[in-house]
Amino acid sequence: GESSSATGLQASTRAGRRIPMHGSIFLQLQHYVTAHHGASAWPEVLWTAGVPERTYLHSEAYPDAEAFALLRCAAYAQQKPVPEFLENFGEFITPWLMELYAPLIPETWGTLELLLNTEETIHGIVRATNPDAEPPRLQFTQTGPCALRCVYDSPRQLGALAKGIIRGVANHYGERVEVRETRSAGDAVEMDIRILPREGAG
């Protein structure tokens with residue numbers, strides 16, 4: 001059967017209630033679809049997903065099931081498997097994430113340092129400032145001078161999105177990464193990451 005990261009897109013619950021997804025993700029998805037297919041593509045994705053046309057707001061939260069329906073239909077519109085679409089979307093949103101969290105990221109960091117500190121520096125702040133937020137648990141362990149192991153754990157099962165963001169972080173720093181999924185069980189995905197030199201370095 002397919003791994004959880006291959007199917008992914010599970011509605012998240014906490015204590016029996018749905019956990020909403022931040023409006024920013026909907027807006028970024030709209031930007032991504034529009035950038036690839038033009039302004040007319042977004043209303044088509046909404047219609048196919050059975051989602052009424054609306055203006056998403058950064059300050060609001062929306063049902064995560066709505067986000068998953070839109071992600072599936074956007075992937076279908078691109079004729080890509082959902083995991084591949086999620087990886088590409090993760091890369092696309094990384095510059096926005098880097099800008100959003102820039103005040104928390106020391107200028108001396110590179111890919112390795114940012115990934116190692118994601119959970120404590122960024123997700124810790126997100127949880128402290130927004131108790132209803134549910135960012136994934138990302139446990140990074142350094143396994144070599146330029147190697148990491150990542151355990152992604154979230155009931156939303158968006159490991160492929162995390163993989164794309166990891167690639168996007170490396171792009172931001174002018175580096176490259178090889179990401180290999182080594183294990184998938186339930187909500188958790190384990191990945192080995194190797195950080196490669198900048199293009200043309202050495």
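Start with His 22, which sits in strand S3, residues 20-22. A reminder before I go on: this is a predicted model.

Is His 22 buried, exposed or partly exposed? Its relative accessibility is 39%, so His 22 counts as partly exposed. Now its surroundings. Setting aside neighbours within four places in sequence, His 22 is in contact with His 58, Glu 60 and Ala 61. Take His 58. It is 36 residues from His 22 along the chain, yet the two C-alpha atoms are separated by 7.1 Å.

Next, the aromatics. How many aromatic pairs are there? The count comes to seven. Look at Phe 26 and Tyr 56. Their ring centres are 4.5 Å apart and their planes are at 20°, so this pair is stacked. Where do the two residues sit? Phe 26 is in helix H2, residues 23-37, and Tyr 56 is in the loop between helix H3 (41-49) and strand S4 (61-63). The pair therefore ties together parts that are 30 residues apart in sequence. Both Phe 26 and Tyr 56 are buried.

Tyr 56 has another ring partner, Tyr 62. Here the centres are 4.8 Å apart, with the planes at 85°, so the pair is edge-to-face. Tyr 62 is buried, as is Tyr 56. Elsewhere in the list of ring pairs, Tyr 32, Phe 85, Phe 89 and Phe 92 are linked into a cluster.

Stay with Tyr 56 for a moment. Not counting residues up to four places away in sequence, Tyr 56 touches Gly 23, Phe 26, Leu 27, Trp 42, Leu 46, Val 51, Tyr 62, Glu 66 and Leu 70.

That brings me to the cores. In soluble globular proteins, nonpolar side chains tend to be buried together. In this model the largest nonpolar core has 48 residues. Which residues have the most contacts inside it? They are Leu 29, Tyr 56 and Leu 70. Helix H4, residues 64-77, gives the most to this core, with eight residues. Apart from it lies another core, of seven residues, including Trp 109, Leu 114, Ile 122 and Val 169.

Two polar side chains to finish. The first topic is Thr 111, in helix H6, residues 111-129. Thr 111 has a relative accessible area of 0%, so it is buried. Its side chain makes a polar contact of 2.4 Å with the side chain of Glu 175. Beyond four places in sequence, Thr 111 is in contact with Val 169, Ala 170, Tyr 173, Glu 175, Val 177 and Ile 195.

Then Asp 192, in strand S8, residues 188-196. Why does Asp 192 count as buried? Because its relative accessible area is 15%, and the cut-off for buried is under 20%. What does its side chain meet? The side chain of Arg 149, in a polar contact of 2.8 Å. With neighbours within four places left aside, the contacts of Asp 192 are Leu 148, Arg 149, Glu 178, Val 179, Arg 180 and Thr 182.

That's my tour. Over to you.

Note on methods:
Residues are numbered from 1 along each chain as its sequence is written. This is a predicted model: local features need pLDDT of at least 70, side-chain atom pairs count only at pLDDT 80 or more; totals for chains, interfaces and linings use all residues. Side-chain values use heavy atoms; hydrogens and water are left out. Helices (H or I, at least four residues) and strands (E, at least two) are DSSP runs, numbered from the N terminus. Buried means under 20% relative accessible area, exposed over 50%, partly exposed in between (1.4 Å probe, protein chains only). Contact means heavy atoms within 4.5 Å. Rings of Phe, Tyr and Trp (its six-membered ring) pair if their centres lie within 6.5 Å; planes under 30 degrees apart count as stacked, over 60 as edge-to-face and the rest as tilted. A nonpolar core is a set of buried Ala, Val, Leu, Ile, Met, Phe, Trp, Tyr and Cys residues joined through side-chain atoms within 4.5 Å. A polar contact is a pair of N or O atoms within 3.5 Å; within protein, one must be able to donate a hydrogen and the other to accept it, and residues adjacent in sequence count only if both atoms are side-chain atoms.
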